[in-house]
Amino acid sequence: MDLEKDQAATFPPINPRASFIWHGGDYNPEQWPPAVWDEDIRLMQRSHYTVPTVGVFSWVQLQPDEEHFTFEWLDTILDKLADSGRFVCLATPTAAQPAWMSQQYPDVLRADNTGQRRHHGNRVNFCPTSPNYRYFAQQIAGRLAERYFAHPALVAWHISNEYGGTCYCETCASEFRSWLQQRYESLDALNACYWSAFWGHTYTSWEQIEPPYADGERAIHGLNIDYRRFQSEMMLHCFQLERDAIRVFSPDVPITTNLMGTYFDLDYRSWAKEMDVVSWDNYPRPNDSPANIAFQHDLHRGLRDGQPFMLMEQTPSSQNWQAINALKRPGVLRLWSYQAVAHGADTVMYFQWRRGRGGIEKMHGAVVEHAGRTDARVFQEVTTLGAELERLGDKTLGATTPAKVALLFDWNNWWGLQDTVGPVREKEYVPVIRQHYSAFWNRNVSVDIVFSDSDLSRYSIVVAPMLYMVRPGVAERIEAFVEQGGTFVATYLSGLVDEHDLAFENGYPGPLKRVLGIWSEEIDALYPEQGNQIVMNDQSGTYTCGRLSEIIHCEGAEALATYGTDFYAGQPVVTRNSFGKGAAYYIASEPEEHFLNDFYARLLTEQQVQPLLEAPTGVEVTRRDTEQGTLLFLLNHNAESVQITLPREQRYHDLIADKTVADTLQLAARDVAILSMMV
Amino acid sequence: MDLEKDQAATFPPINPRASFIWHGGDYNPEQWPPAVWDEDIRLMQRSHYTVPTVGVFSWVQLQPDEEHFTFEWLDTILDKLADSGRFVCLATPTAAQPAWMSQQYPDVLRADNTGQRRHHGNRVNFCPTSPNYRYFAQQIAGRLAERYFAHPALVAWHISNEYGGTCYCETCASEFRSWLQQRYESLDALNACYWSAFWGHTYTSWEQIEPPYADGERAIHGLNIDYRRFQSEMMLHCFQLERDAIRVFSPDVPITTNLMGTYFDLDYRSWAKEMDVVSWDNYPRPNDSPANIAFQHDLHRGLRDGQPFMLMEQTPSSQNWQAINALKRPGVLRLWSYQAVAHGADTVMYFQWRRGRGGIEKMHGAVVEHAGRTDARVFQEVTTLGAELERLGDKTLGATTPAKVALLFDWNNWWGLQDTVGPVREKEYVPVIRQHYSAFWNRNVSVDIVFSDSDLSRYSIVVAPMLYMVRPGVAERIEAFVEQGGTFVATYLSGLVDEHDLAFENGYPGPLKRVLGIWSEEIDALYPEQGNQIVMNDQSGTYTCGRLSEIIHCEGAEALATYGTDFYAGQPVVTRNSFGKGAAYYIASEPEEHFLNDFYARLLTEQQVQPLLEAPTGVEVTRRDTEQGTLLFLLNHNAESVQITLPREQRYHDLIADKTVADTLQLAARDVAILSMMV
Amino acid sequence: MDLEKDQAATFPPINPRASFIWHGGDYNPEQWPPAVWDEDIRLMQRSHYTVPTVGVFSWVQLQPDEEHFTFEWLDTILDKLADSGRFVCLATPTAAQPAWMSQQYPDVLRADNTGQRRHHGNRVNFCPTSPNYRYFAQQIAGRLAERYFAHPALVAWHISNEYGGTCYCETCASEFRSWLQQRYESLDALNACYWSAFWGHTYTSWEQIEPPYADGERAIHGLNIDYRRFQSEMMLHCFQLERDAIRVFSPDVPITTNLMGTYFDLDYRSWAKEMDVVSWDNYPRPNDSPANIAFQHDLHRGLRDGQPFMLMEQTPSSQNWQAINALKRPGVLRLWSYQAVAHGADTVMYFQWRRGRGGIEKMHGAVVEHAGRTDARVFQEVTTLGAELERLGDKTLGATTPAKVALLFDWNNWWGLQDTVGPVREKEYVPVIRQHYSAFWNRNVSVDIVFSDSDLSRYSIVVAPMLYMVRPGVAERIEAFVEQGGTFVATYLSGLVDEHDLAFENGYPGPLKRVLGIWSEEIDALYPEQGNQIVMNDQSGTYTCGRLSEIIHCEGAEALATYGTDFYAGQPVVTRNSFGKGAAYYIASEPEEHFLNDFYARLLTEQQVQPLLEAPTGVEVTRRDTEQGTLLFLLNHNAESVQITLPREQRYHDLIADKTVADTLQLAARDVAILSMMV
């Protein structure tokens with residue numbers, strides 16, 4: 001093992017006033033009578049629940065009508081928490097407007113995709129362009145900041161909750177037209193970018209433009225993606241308005257909102273730029289693979305270029321909204337909590353402290369379940385974990401992951417890809433991204449998730465699966481990266497359209513043709529029972545492939561593998577193009593998993609990127625560099641114990657077990673070690 | 001066989017003027033020209049069709065506009081029927097309002113679940129709170145009663161038809177608010193019961209409350225279930241209004257409306273209290289198990305605590321609205337008709353007399369099909385059956401079923417269970433109820449279906465599967481039952497919430513904890529490919545279980561079986577708690593069918609509840625006690641003949657074959673015997 | 001082989017000014033800057049693209065607002081095309097109204113099936129009864145005709161595009177009422193035909209009648225089918241209005257609109273009568289059977305009683321709107337193009353010339369793909385085909401197919417059958433039609449598709465599967481056909497209802513009883529896992545059958561086969577009734593494919609209808625008679641080459657290979673030969 005020295009700057013703690021791994025999460029005392037509050041405090045102390053999140057959804061409790069504000073109960077709660085040594089992540093309540101607001105100002109309600117105004121209820125049911133919603137949301141955020149900016153418990157602001165969805169109301173329609181006028185300036189420009197002459201959809205007046213209603217205009221891809229951009233921006237604007245209202249009073253406390261991983265509706269890359277710290281809610285399926293969860297963590301670490309994030313929510317036991325909601329097995333909560341830290345989390349937080357008695361989340365897992373008993377398995381696992389995290393102190397905070405491999409993910413690409421009609425209906429962008437990610441994860445090679453605007457210069461290998469939409473500057477950045485020695489990998493369905501979802505006219509993969517040295521002539525789509533083969537030209541093997549198969553021609557590249565069958569048998573399926581000091585690869589068909597494992601193994605060897613550790617299957621290893629040195633996280637996802645061989649002559653300190661480790665490490669089922677390299 | 005003497009009172013016939021098994025059903029002469037009517041009468045006489053149901057849906061024919069009534073055709077029909085020796089079940093036509101009414105008074109139309117008023121058409125498309133609908137429905141019911149109360153043919157009133165569905169219109173919304181104000185008195189009380197502080201949904205004014213629109217408030221379980229209660233009550237109120245309008249003129253003729261078995265929308269238990277006699281429409285799938293049909297009959301017999309019911313509708317041949325509508329095989333119509341009688345029916349009636357030439361039921365089975373031929377198989381089977389029933393006279397009427405086993409079914413529980421989110425999406429309340437029912441049916445043990453308000457004192461064993469919602473008084477009644485020596489059986493997902501769908505805070509199974517002597521800590525949900533085992537502590541066997549598995553702790557109870565695998569292996573899965581003179585059992589996971597068969601076999605033996613008869617598989621045996629003595633119904637559901645061994649030294653009279661039977665009985669495929677015990 | 005002489009008149013070419021197989025299709029220059037136009041012309045010349053279709057959807061480009069028309073660009077295009085030796089199929093642009101029109105005259109927008117007006121967008125989104133739409137559509141059609149009637153390029157008019165769908169707006173509702181008043185004259189007549197007394201749906205005023213809204217009246221089959229008829233007529237009326245506006249200026253140029261095969265919404269038989277030439281768009285699934293495609297071609301040839309049709313659209317490579325859009329393998333485009341000609345096409349045209357850069361069809365196949373390269377496989381295949389077609393000249397034009405077998409297809413029957421509730425939900429009319437068709441196709445026996453109003457006298461065998469609805473005159477025509485020696489074949493689900501969807505009262509198959517000599521008493525529906533057998537009385541075999549099984553009685557007919565099992569075992573399942581000089585057969589259950597092959601083989605032998613050629617499996621043979629003599633098309637659908645034995649002592653000229661052929665013919669994979677019989 002050769003952990004090269006990386007001069008990576010580490011990051012400051014989220015809030016220097018609370019320089020430890022925050023352990024806490026959603027706390028809704030407003031749902032219980034005050035009599036329960038003291039019991040809550042007692043149990044929080046017992047379970048090392050250090051940073052409750054307070055205030056999410058409590059708008060009507062804070063503002064029961066337009067004229068009155070009732071902060072007194074919140075004063076009491078915050079004081080009690082401070083008095084008991086807790087800190088608070090304080091939320092604005094704006095994810096669910098009060099019923100009085102929906103009733104008095106119906107424009108605050110969201111409209112469905114035919115333009116029909118919805119009824120009041122549920123959550124995230126506000127129109128993001130509604131002047132009234134914006135006014136009231138800013139107001140309550142400002143009031144909270146004004147009142148609590150100096151409260152001793154306050155360590156972070158949590159704005160609203162899980163923004164998302166789409167509104168199609170008249171206000172949005174009108175704002176959208178203004179947004180388009182700013183963006184395109186002339187109708188001619190818009191018509192050109194929308195290719196609206198197709199089916200005679202040319203607009204002759206701005207007033208004719210409507211959102212892409214389900215019962216209206218769905219045929220213009222440029223309109224569809226612009227409406228996604230517009231809605232993502234408008235919701236972000238709501239966030240910004242609250243953020244700015246808070247900063248007037250509370251300029252130094254970090255502000256976040258909780259994201260949701262590969263969530264389709266919002267371009268989180270642009271959102272992250274507006275946040276002081278990224279936070280997210282981790283709700284995998286009970287049987288999800290650890291690689292998929294790891295990918296999500298890396299995605300959120302990447303959103304702000306490596307800055308540690310907050311694990312804002314996870315369930316202590318089970319979820320409730322899936323079709324089947326299994327319990328987290330003993331040890332899984334701890335294992336998955338450390339997995340978050342291993343990938344960049346500086347907090348371990350839950351939804352939710354106490355399980356509500358009513359409402360549609362009453363069966364969702366909580367630290368304190370309905371029985372309120374401390375001898376419950378879940379409460380005890382949380383308590384044990386809390387104590388451990390407390391002992392870790394600040395040793396893992398602010399660390400960085402020195403990855404040499406980057407995987408490119410792009411929301412605009414996802415939107416465009418998903419919307420395009422053909423060559424297959426289900427594009428499976430995220431599954432494909434995960435397939436490539438897993439090939440590295442399987443070898444314990446750190447991966448950064450990067451974006452179309454990311455700096456690629458620090459990486460050896462950049463992989464961009466299905467980069468259907470190539471926005472301005474992207475091809476140039478990739479070319480520069482390869483020219484300077486980088487290794488770039490692209491796949492089928494790349495380089496088809498520009499940022500307006502207009503097809504490139506010079507042949508696919510459009511602006512990536514030069515660096516890839518190929519022309520993709522046709523895209524074949526195969527039925528599930530069909531398939532083809534990837535036959536390696538160096539005789540190293542044959543793999544199956546299918547679903548999508550492009551017929552490509554080398555125009556500068558060399559073929560590494562050819563198709564094994566069908567009328568394009570013998571034509572290239574995997575190519576390599578030398579370009580400057582580097583090389584660019586193209587994988588023209590969807591391969592089986594084995595291919596990616598072998599293919600990337602070769603690339604990693606060539607680029608001298610070595611696994612962090614050779615570990616048994618199901619053992620995940622990540623590296624985090626702190627100012628004090630390098631940490632290795634070893635996570636045993638197996639339900640059995642394993643023995644791990646450590647590099648010779650290297651001694652470590654296991655931060656959790658607080659003991660020295662060398663040569664071999666026995667890791668119990670679902671156990672974790674955090675090894676600090678000893679000099 | 002030991003048929004203990006039971007002092008059960010028998011019931012009077014539905015109407016003493018027609019003291020025989022009614023054979024008849026829906027007759028819509030208004031669809032045909034008068035020329036056909038005499039042919040109808042001729043064929044009814046021939047087929048022993050003694051009690052046609054007349055008037056269903058004939059509103060526009062009776063009241064072609066707001067001012068005019070046209071009863072003359074009905075006068076003619078009733079007279080012809082009376083003249084030919086028929087009786088009549090006379091229906092009010094209010095299930096389908098005339099088009100003129102929908103057009104002149106649009107408030108009579110139902111609104112869909114987004115509040116959108118529907119167009120006129122189909123049936124049961126009225127708003128149950130519409131003042132205009134109520135006015136006109138009462139009016140026509142009263143007019144019919146006034147005109148026909150003394151008609152010689154009249155033996156029963158049939159109000160409207162298959163009430164159901166839900167309306168979400170503005171009238172309903174407004175009436176719902178009034179209903180809530182009466183129920184909760186204060187908004188604070190309502191907010192507390194609705195746990196509306198969750199997601200900040202606290203109401204600050206009554207006017208803010210809306211029905212649970214599909215595009216509005218769906219997150220408050222208390223609201224959801226209250227709206228179901230409200231709608232069930234409002235429809236019942238429509239029934240009551242018509243009933244009372246009829247009683248003014250016709251106080252002595254029994255009044256019913258046709259129910260539909262385990263129909264989700266309406267709480268039939270509360271409906272049955274308002275009816276003079278229960279009636280229902282039996283439409284099983286062609287391949288449904290006879291146990292499932294038997295369960296439905298027992299449910300309807302239970303609705304009025306054992307009182308015989310009317311089989312109001314069944315198809316003589318095939319249905320038409322299922323995906324695949326097989327014919328009833330020869331003999332099945334007769335077999336299923338006697339099955340109804342065996343479980344408590346005092347009538348055998350059909351939908352429909354003559355198959356309509358148009359409309360969406362034109363392919364539905366009928367006694368007289370389109371060809372109108374009497375040599376048709378179906379007409380002949382009906383005729384043969386009619387003759388047999390006629391010969392039976394009043395011998396089966398008014399009988400009682402002396403069941404010692406009760407199975408608890410509760411609509412409020414179903415509503416709450418279905419609505420709750422987690423731990424699995426599909427709760428399968430009815431399938432689970434049926435699974436327990438079948439374990440008794442398989443042994444030919446009579447079962448009564450009881451409800452949360454039923455008197456349990458006459459039973460030896462009470463089974464209450466998935467009693468998620470325990471309403472006030474229920475736990476107390478169960479405790480009293482067990483204390484006095486009863487055997488109570490509960491399962492996973494019991495005792496979670498109160499009548500407001502609020503979780504109990506003392507740990508599940510809430511108010512049933514004391515009698516069951518357990519605490520259920522966690523509920524695991526398993527994927528279909530997973531499973532666990534029930535390992536009997538007495539070494540008597542191991543069974544598979546799964547889907548839902550609760551982790552329970554004995555707090556007074558003893559474990560009869562433990563889990564075989566997973567992290568809760570060795571923890572109790574079946575428990576028994578001695579309580580007073582009786583015992584209460586808990587089955588913590590969903591077992592395979594074999595477990596229930598063995599488990600209940602042991603309980604029945606312990607409680608000395610013996611099968612009515614040991615009979616071959618597929619032979620159903622029920623008991624009905626009349627004032628003249630005990631009847632055994634033997635129903636051969638097999639497509640082959642069987643030989644049944646009768647108890648030694650007991651002689652019977654077979655009422656159908658009219659012969660003496662002893663020792664053994666040969667029963668042909670799908671044949672039936674009604675054995676009267678001879679002294 | 002005995003190709004009998006048929007005195008069939010041949011047909012004139014579509015337009016004598018262009019007496020060759022047109023090779024061309026959709027060309028949308030308005031989507032590109034003029035700079036691309038010259039390149040288009042160059043590539044069209046190169047690829048022998050002789051007849052581009054211009055103007056589809058270009059309304060806003062021709063009329064950017066109500067007052068202005070901008071034909072100049074179209075002038076230029078038409079002139080350039082003429083100058084380069086092209087002809088033009090000129091389209092009216094009315095399939096997609098401009099946004100300005102939807103905005104200024106909202107009544108032009110279609111309403112969905114609850115009556116909700118849709119938003120602007122997509123295509124075929126106009127209300128067919130809208131006075132404004134009709135005004136503007138006529139106007140633009142007239143203006144185009146006035147301007148271009150004498151243009152040298154003009155050879156055909158193409159009105160609108162792929163008419164279809166249904167509108168439920170208030171204008172349609174009102175027009176529908178007028179249409180009904182004309183049709184029924186009295187409400188009593190309408191009520192009788194609608195059997196509206198069912199469920200009390202009798203109308204007491206015309207104003208009460210509404211379209212069959214999804215949230216309204218769905219229970220009246222007569223209403224449902226009348227609304228289909230009305231909508232089909234109203235769209236046809238739109239076509240007629242444009243056609244007539246064109247004819248004022250351009251009376252001699254043939255007018256068409258492009259149809260879509262077995263498209264449910266429109267009764268193409270009545271449409272075809274209004275068209276000068278039928279045209280259609282052939283988009284099979286990539287894995288569709290050639291028999292299914294052949295059926296569609298024969299359907300369109302039948303629409304105008306054998307007149308050659310235009311293949312207006314097909315994709316040169318792949319479609320994009322299916323779930324999986326495979327490429328057409330090399331040779332398939334050519335094979336399927338000749339298949340069209342073999343069945344009666346006088347044109348081979350594409351959607352589309354150049355692949356658009358944006359919009360939801362940007363991934364649809366085109367002659368010129370995004371890269372614009374002429375070395376692309378698809379461009380080259382098109383070019384080769386174009387050259388071949390050019391060489392064929394007029395040799396195949398105007399030919400006739402001398403079929404002795406006719407298969408009856410009827411849109412009204414389809415509508416009624418699909419709408420009826422029971423005995424199975426999925427009626428599968430088209431799959432069943434195709435099953436019968438394939439039995440003939442498999443033997444290379446020519447089939448004409450005929451309709452309820454067709455002249456049957458020229459056929460030996462007429463097959464009418466599932467003729468559920470027998471409209472006036474049909475039974476009489478069938479009786480006459482059989483009386484004069486014809487062979488008629490009917491199946492289960494025949495003769496149930498009249499043209500109002502009212503069941504016949506004399507027993508099924510209603511008016512077909514006399515000719516078939518049977519009575520169908522009951523219709524059994526079987527679950528997929530069930531089945532029955534067809535046991536041939538002559539011991540010739542036993543076949544499986546199922547899904548639907550009618551219990552029939554011979555009333556004059558003789559049983560050829562009986563059921564093998566179930567309670568109707570031994571009852572007839574296949575019957576033959578001698579009637580006059582002919583015979584009528586009834587197949588009472590859905591048979592396996594083998595049965596139909598054997599059954600029709602026997603009938604063909606009896607009727608002395610011989611295969612055109614005994615050819616290997618997968619080789620299709622069709623016959624087309626021209627004034628010059630008889631042509632045989634040999635199409636090898638296999639992916640391997642085959643050897644075909646030709647009739648002894650007959651020599652042919654292969655028109656494509658331009659060589660003499662005798663004795664045997666070797667046909668490469670997917671290759672085609674057109675053999676002209678040499679005297």
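Colleague: How far is the sulfur of A:C169 from the closest cysteine sulfur, and which residue holds that sulfur?

Modeller: In this predicted model, local features need pLDDT of at least 70 and side-chain atom pairs count only at pLDDT 80 or more, while totals for chains, interfaces and linings use all residues. Side-chain values use heavy atoms, without hydrogens and water, residues are numbered from 1 along each chain as its sequence is written, and chains are lettered from A and ligands numbered from 1 in the order in which they are written. A disulfide is a pair of cysteine sulfur atoms within 2.5 Å; the closest sulfur to that of A:C169 belongs to A:C127, at 3.5 Å, which is too far for a bond.

Colleague: How many disulfides does a search of the whole structure find?

Modeller: Over all chains the search finds 0. C:C238, too, is in no disulfide, the nearest cysteine sulfur, that of C:C127, being 7.9 Å away.

Colleague: Is A:C169 buried or exposed?

Modeller: Buried means under 20% relative accessible area, exposed over 50%, and partly exposed in between (1.4 Å probe, protein chains only). A:C169 is buried at 1% relative accessibility, and C:C238 is buried at 3%.

Colleague: What rotation superposes chain A on chain C?

Modeller: Copies are superposed by least squares on the C-alpha atoms of residues with pLDDT of at least 70 in both. Here a rotation of 120° with 0.0 Å of shift along its axis brings chain A onto chain C, with an RMSD of 0.0 Å, and that is the relation of a three-fold axis. Within chain A, the residue whose C-alpha comes closest to the rotation axis is A:Q116, at 6.3 Å.
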